[in-house]
Amino acid sequence: MKEALLRRLVADRQHHRPVGLVTDLASGQQLLLHPDDATGDLKLAPEALEQARRRLKADRSGLLDVPGRQLFLQATMPAPRLILVGAVHISQALAPMAALAGYSVTVVDPRRSFATDARFPDVTLTSDWPDEALERLAPDVRTAVVTLTHDPKLDDAALTVALKSPAFYIGSLGSKKTHGARLNRLTRAGFNETDLARIHGPVGLSINAMSPAEIAVAILGQITQVRRAGAKGPVGGEAPASEHAA
């Protein structure tokens with residue numbers, strides 16, 4: 001591998017950027033593949049390049065299906081992220097579940113008596129105000145954001161940033177009445193119907209969840225459903241794991 005290519009590959013991995021390395025096993029030529037560009041001495045036809053990008057997006061390493069050539073893609077995608085706003089009981093259950101599912105979890109709560117290492121062992125915590133924390137964390141297409149505080153000052157601040165980001169999932173705890181009031185506030189803040197349709201509220205799949213742990217299961221299930229379906233908005237089967245919460 002050429003030195004410049006290697007340096008960029010190492011930098012991409014260090015900065016958690018999606019990157020794939022395509023190698024022609026016969027010639028040794030290589031191509032460094034990103035979602036929006038490609039660099040290297042290996043030339044690929046548009047169809048092969050598109051196939052490689054699809055496999056990179058799916059985080060699937062392996063041989064490409066290109067007749068007459070042996071092309072191997074080594075895909076490196078950053079771990080999906082889950083940002084939980086509110087160090088509450090549901091978060092205590094959801095954080096370890098999400099970690100087991102492969103997510104890098106961050107809990108945001110400026111109330112330091114809630115966001116403690118004792119309550120959230122092995123979880124990244126930040127006591128920044130939610131909008132400041134999300135601006136710094138910069139949600140991307142592999143990020144889910146869930147607000148759970150039930151305090152509009154905290155939840156709305158986070159949603160304002162999340163709705164301006166490409167986060168693949170945005171969810172918010174509360175009953176239908178609470179969610180309706182939330183949508184009214186966000187409308188007054190300048191968001192339109194298309195923006196607000198991205199919010200899954202009441203959050204979670206409809207499985208009659210009651211306890212914090214059950215609601216956590218419903219939320220993670222819905223995040224998984226949206227992520228794997230590639231949906232950008234509400235999908236079938238959603239609603240009110242949290243509807244009992246006023």
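This is a predicted model: local features need pLDDT of at least 70, side-chain atom pairs count only at pLDDT 80 or more; totals for chains, interfaces and linings use all residues.
An open sheet of five strands is present, with the order β3-β2-β1-β5-β4 and antiparallel pairing. The edge positions are taken by β3 (38-40) and β4 (62-63). Each of these two strands has a single partner, so one side of each is left without a neighbour in the sheet. Within the sheet, β1 (residues 19-24) and β5 (residues 71-76) run antiparallel and are joined by six bridges. In this pairing, Val-19 stands opposite Thr-76 of β5. Helix α1 (residues 3-14) packs on the sheet, where it touches β1, β2 (30-33), β3 and β5. The direction of α1 makes about 30 degrees with that of β2. In a regular strand, side chains alternate between the two faces of the sheet.

Parallel pairing is found around strand β6 (81-85). Four of the five residues of β6 are buried, so this strand is largely enclosed by the rest of the structure. β6 pairs with β7 (104-108) in the parallel sense over five bridges, and Val-85 has Val-108 of β7 as its bridge partner. β6 also pairs with β9 (residues 143-147), again in the parallel sense and over five bridges. Here the bridge partner of Arg-81 is Thr-143 in β9.

Helix α3 (residues 89-100) forms a right-handed β-α-β unit together with β6 and β7. The buried residues of α3 are Ile-90, Ser-91, Ala-93, Leu-94, Ala-95 and Ala-98. The elements covering these buried residues include β6 and β7, the two strands of the unit, as well as helix α8 (212-229). Just after α3, Gly-102 takes a positive phi of about 100 degrees.

A search of the whole structure finds zero aromatic pairs.

Notes
Residues are numbered from 1 along each chain as its sequence is written. Side-chain values use heavy atoms; hydrogens and water are left out. Rings of Phe, Tyr and Trp (its six-membered ring) pair if their centres lie within 6.5 Å; planes under 30 degrees apart count as stacked, over 60 as edge-to-face and the rest as tilted. Two strands pair if DSSP finds at least two bridges between them. Contact means heavy atoms within 4.5 Å. Axes are lines fitted to C-alpha atoms, for helices over the stretch in contact, and angles run from 0 to 180 degrees between N-to-C directions. Buried means under 20% relative accessible area, exposed over 50%, partly exposed in between (1.4 Å probe, protein chains only). A crossover is right-handed if, with the strands pointing away from the viewer, the path from the first strand over the helix to the second runs clockwise.
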